[in-house]
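Please examine the sequence and the model below, then work through the exercises on helix packing.

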Amino acid sequence: MRTVDRSNVALSAEDLDVLAGVLDTLIPPSDDGRFPGAGALGCARQVAENCGRVPGLLELLRSGLRELNHSSVARRGEPFHCLPPDAREQLLAEQSFVFPLVIQAYIAYYQHPAVLEALGLEPRPPHPLGYRMSDPGKEPAPNA
Amino acid sequence: MARDETVDVLIVGAGASAAALAWSLAETKMQILCIEQGDWVRPQDLPGNDLDWEARHLTDFHFSPNVRRRPEDYPVNDSASPIQVSMFNAVGGSTILYAAHFPRFRPDDFRVRSVDGVGEDWPVDYETLAPFYDLNAEMMGVSGLPGDPAYPPKQLPLPPVPLGKLGAKLAAGFERLGWHWWPSDSAIITQNYRGRAACVNAGTCLVGCPQGAKGSVDVTYWPEALRRGVRLRTRCRVREVTVNEQGMASGVVYYDAEGKERYQPAHVVVLACNGIGTPRLLLASRSKHFPDGLANRSGLVGKNLMFHPYAMVMGVFDEPLEGYKGPTGCCIMSQEFYRTDLRRGFVRGYSFEILRGFGPISTVLWGMQQGLVPWGRNHHRAVEELFDHVAGMVAICEDLPEETNCVTLDPELRDEHGIPAPRIHYRLSENSQRMLAHAVDRAREVLEAAGARETFVQSPLPFAGWHLMGTARMGRDPHTSVVNEWGRCHDVKNLFIIDGSIFVTSAAVNPTNTIQALALYIADQMKRRLANLFD
C-alpha cells in the first residue's frame, strides 16, 4: 500500500487517488493542453508530504478526503475521482479543507518543470545560470 | 561550568555590524572572539539552487523565526503587533535574507529634532559617518549611480544594477509625474569584485544568494576578518552577560553546540544581536548591580522600538515585464516624499523602493490573496494574466520613537534553553497611519502613470519587521540614552552595543548601511581610545 505518514497520520492508496482527483479539480488541465492537471502531473504525493509538515493539516486532509469520497458515493454513486469535472467542482466547493489544501497544491504545482515550461520559463532552478535581462531600449535618465 | 580562556574582545552575534567591527578591530592584534547562535550557511544549501526555492521561503527560509523554527532560532512573541519581527540567525545574520537595498541616511536624518521638532537628534552626524559609509561601500561592494542630488556627493565602487524592462517601465511613471527617482544603491556586485562573481540576475535574493554576489557579510567582511585572526564560534547561544564586583562586564554564559553551559570571560563585551536580541539579552542579564537589566539605569533598554511601517502597492500591467529576473529588492527608488510637508498631515516622510516581480508560486499565492486567482476551470487564464505582469513598490515610512513601543521579556514563552523570549509591544502611531495612507495613494498614482490597469494594496505589510531599531539608543545624556556617542554603555564602561538598537531615529531608508557605518565608526573610536577605553 502506498502511504504518506507524518505525525502518525497516513494517507492510504485510496486517499491518494481521491487527492489526485481533488488536485485535478483545483488545477485542471488547461483547455489548450499546455498546462497539465495537478493530479495527472503527480503532485498528490508531494502535496501530502507538504501537508505533513504543517501541524494538523494532514489529519484535516485525510478526514476531508474521506468525507468527500463518502459524500460522492452517497450522492452520485461513484468515487470522487471518477466523477466528471463539473460534478467534482460542485462537490469540492462545499468542503472546508479546500483553502489550506489549495495553497499546498499551488506550491507543489508551480515548481514542477512541466509547469515552468508551460509558463515560458526554463525548467531549471534560478542558480547557477541566472537570467539574461533584456535591454529595455533607451533607459530614462534619473529624475532629480 | 566549563570556563574558556579569556579574550580581549568578545562579540555576541555575527551579523552585519559584528562582521564590520571585528574586521576593523582585527588590525589591533587583540584576541577577538565572536560567538553566534546560528551556523555558516553553505552556498550549495541555499534554496536558489533548487526548483522548490520559492516554497522554502515559506518554510525554513521564512523571514519570521516563529514560522521558520530552526534550531538556532528563538521565538518572538509579536502576536500583539501589526508588524511581525523578521530576522535570520546565522553567520551573516539577516544579511543572508535581506534585499541588499543599501541607501545611506541623509544628513537631515541625524537632526530630526532640530529640523522637525520630533524625535531626538543623534550625537553623531552625517559628516562624521561619511568616511565609514565610503569604507563600507568598498568592503560590501556597493553598486549605484553617483550624482543623486538628495545626497552629498559620494563615490560607489560599481555601476548600478540594471533597470530591466520593469525598472524602465516604472521609471517612466515617475517621469510622467515629475517625481524624483534614482537607481538604487545596492550591496550587490554588478561586476566581478574582490574575488566575488557578479550578479547573474537570478532573483532569489530574499532566500540567499548562492552566487555570492549579494553582499551578505559571510562573503564580505567575515572571510577578511578571519584571515586577520578573528575567531568565530558558531551554534553558541548566550544566556547572559555577567558583571564583576565593580559592575563591569566580565564575560558571558552561553550554551555551546552540544547544549553544554560554558563561561567565556572577556575584557570587552560587544553586543551585536539586533534591535530585539540585544535588549532581550540585556534585560535577561540581571544582577545585584543591575536589578532591572544590564546597562538599564536609564530604564530605556527595550524602549523606543522602531520598525519601518511598510505599504506594498502592486500593479498589473498588460505587457510582460521580466520581473522574475534581476535583484529582487533593488531597482530604483524615489525620495519625492521624504521631507516633512505638514500639508500632507504628518511629519517626516517615506521612500519608495521599486520591487521586481514575483516568481510563479509567489504570483499565484499573491493573486489568490487578492481574489484574482480562483481554483477550478478559470485558474490558468487568471494565472497567465498575472504571471510576469505584476510590478510595484514598497513605501518605507519613517517610524518615530515612542517609549510605549518596546521589547520586554515574555513571562511564559522561552527558547529551547529556557531563556525568556522577547515580547513585542507595538502600535502604529497616528502619524505612521497617515503617512502609509498618503504613500498608498501616491504609489497608485505612479503605477497608473506607468500604465498599470489595476493596483492592489497591503498596508501595513505584516511580515515586514526587518528593521529593528532604537531599543538601546545612543546619546550624550545617561538619563535619556543607553550608550554614548561612540557605542559604549553609559552604565558599563567595557560594554558596547553596535547593532540597530543604538539608532536614535529610523530615517525612511533601509538601515544596514548605517548600522555598518556606525559599527566601523565605533571600532575606530575604540582603536583611538585603546589606552583609556574605560575612562
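**Helix packing in chain A**

The crossing of H2(A) and H5(A) is right-handed, a crossing being right-handed if the near helix is turned clockwise from the far one by less than a right angle, and left-handed if anticlockwise. This is a predicted model, in which local features need pLDDT of at least 70, side-chain atom pairs count only at pLDDT 80 or more, and totals for chains, interfaces and linings use all residues. Residues are numbered from 1 along each chain as its sequence is written, chains are lettered from A and ligands numbered from 1 in the order written, and side-chain values use heavy atoms, without hydrogens and water.

**Exercise 1.** Describe how H2(A) and H5(A) pack.

*Step 1.* Helix H2 (residues 44-52) of chain A lies with its axis 9 Å from that of helix H5 (residues 98-109) of chain A, at an angle of about 125°. Helices are DSSP runs (H or I, at least four residues), numbered from the N terminus. Axes are lines fitted to C-alpha atoms over the stretch in contact, and angles run from 0 to 180 degrees between N-to-C directions.

*Step 2.* H2(A) and H5(A) are therefore oblique to each other; angles under 35 degrees count as roughly parallel, over 145 as roughly antiparallel, 65 to 115 as roughly perpendicular and the rest as oblique.

*Step 3.* Gln46(A), Val47(A), Asn50(A) and Cys51(A) of H2(A) touch Leu101(A), Gln104(A), Ala105(A), Ile107(A) and Ala108(A) of H5(A) (contact: heavy atoms within 4.5 Å).

**Exercise 2.** At what angle do the axes of H3(A) and H4(A) cross?

*Step 1.* The axes of helix H3 (residues 57-76) of chain A and helix H4 (residues 85-92) of chain A cross at roughly 125° and come within 11 Å. That makes H3(A) oblique to H4(A).

*Step 2.* The crossing of H3(A) and H4(A) is right-handed.

Definitions and conventions. Helix = DSSP H or I, 4+ residues; strand = E, 2+ residues; numbered from the N terminus.
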